[in-house]
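Please keep the sequence and the coordinates at hand while reading.

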Amino acid sequence: MNPLSWNCRGLGNPRSVRALHDIVHRWKPKIVFLMETKSKVKRTERIKNRVSFANGFIVPSQGRSGGVALFWTRDINLEIKSFSGNHIDAVVREADSNFLWRITGFYGHPETHRRYDSWRLLAFLHSQFQLPWLCLGDFNEILSMDEKAGGSIRSQQQMDGFRNVVDFCGFSDLGYCGTDFTWSNMQEGEHNIQLRLDRAFATPEWVENFEGMRVYHLVDSTSDHCALFLTA
């Protein structure tokens, strides 16, 4: 199944498209969730075809910001359940066992004053139906100051809002292999700030059925975010 999630920071740049192609070619994910595509449907559809995915669901950007997309291979039985500019929610049926599970690609609001809207959306998604659940993406928030290097102290209230919804959804953090942080402001020396904004959560039922799944932070120079790749 091996999903991949990446805040690509725009697919209008040919370098970003080549980077996506290279990541897909090397790691061979079955499902890809993209954020900040900054692209309309036709362009994103062309990129889906270029990276050899048979299926896709695209939420276009608004102007030059936003845009999310979910691509999946021909052999994945996936049904879209809901979507917005900040998420795509789907159910997957495993071909060999008929096991049903849920995957949500999530993009938290980058604006601090709208972070509450993100957590309200996540809580709403939790209430919709109960299946083993994987939720991954760029949440644009951290759970503790251990997930930040450089810059000013994060508001405890901000972090608590995130932690509360994680607990409400029954999520466990799947951890990671690789660099400790997934985002950098790309500045040098004392001006450098790094955060762990991108992550994968899952419910205990999902973890039990996908035992041994690990999250890898894939560094790419075309984006200020690492990609996340899950594999056993």
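In what order do the 6 strands of the open sheet that includes β1 and β15 stand?

## The sheet with β1 and β15

The model is a predicted one. The order of this open sheet is β3-β4-β2-β1-β15-β14, and its pairing is mixed. Its edges are β3 and β14 (214-218); each has a single partner strand, so one side of each is left without a neighbour in the sheet. From one strand to the next, the twist averages 15°.

Within this sheet, β2 (residues 31-35) and β4 run antiparallel and are joined by 5 bridges. Opposite L34 stands A69, a residue of β4. Strands of a sheet pair through backbone hydrogen bonds, in either the parallel or the antiparallel sense.

## Helices α1 and α2 on this sheet

Two helices lie across strands of the sheet. Helix α1 lies across β1 (3-7), β2, β14 and β15 (227-231), and runs at about 160° to β1. Helix α2 lies across β3 and β4, at about 150° to β3.

Which residues of helix α2 (residues 41-50) are buried? They are T44, I47 and K48. These residues cover an arc of only 105° around the axis, which puts them on the same side of α2. An α-helix has 3.6 residues a turn, so residues three or four places apart point the same way. The cover over the buried residues of α2 includes α1 (14-27), β3 (55-59) and β4 (68-72). Just after α2, S52 has a positive phi of about 70°.

T44 is a residue of helix α2. Is T44 buried or exposed? Its relative accessibility is 1%, and it therefore counts as buried, the cut-off being under 20%.

Leaving aside residues up to four places away in sequence, T44 touches T37, S39, I58, A69 and F71. One of these contacts, A69, is 25 residues from T44 in sequence, with a C-alpha to C-alpha separation of 7.9 Å in space. A69 is also the residue that L34 stands opposite in β4.

## The sheet with β7 and β8

Another open sheet has 6 strands in the order β5-β6-β7-β8-β13-β10, again with mixed pairing. The strands at its edges are β5 (77-84) and β10 (172-173), each with a single partner strand, so one side of each is left without a neighbour in the sheet. Helix α3 packs on this sheet and touches β5, β6 (87-93), β7 (100-107) and β8; the direction of α3 makes about 170° with that of β7.

How many bridges link strand β8 (residues 133-138) to strand β13 (residues 198-202)? There are 5 bridges, and the two strands pair in the antiparallel sense. C135 has F201 as its bridge partner in β13.

## Helices α3 and α4

Helix α3 (residues 115-128) also meets helix α4 (residues 156-168): their axes come within 9 Å and cross at roughly 5°. Angles under 35 degrees count as roughly parallel, and α3 and α4 are therefore roughly parallel to each other.

From α3, the contact is made by R115, W119, L122, A123 and H126. From α4, the residues are Q158, G161, F162, V165 and F168. Sorted by class, the contact of α3 with α4 has 6 nonpolar, 3 polar and 1 charged residues.

Terms used. Residues numbered from 1 in each chain as written. Predicted model: local features only at pLDDT ≥ 70, side-chain atom pairs only at ≥ 80, totals over all residues. Heavy atoms only, no water. Axes fitted to C-alpha atoms, helices over the stretch in contact; angles between N-to-C directions. Helix = DSSP H or I, 4+ residues; strand = E, 2+ residues; numbered from the N terminus. Parallel < 35°, antiparallel > 145°, perpendicular 65-115°, else oblique. Contact = heavy atoms within 4.5 Å. Nonpolar A, V, L, I, M, F, W, Y, C, P; charged D, E, K, R; others polar. Pairing = 2+ DSSP bridges. Buried < 20%, exposed > 50% of the residue type's maximum accessible area, 1.4 Å probe, protein only. Arc of directions from axis to C-beta.
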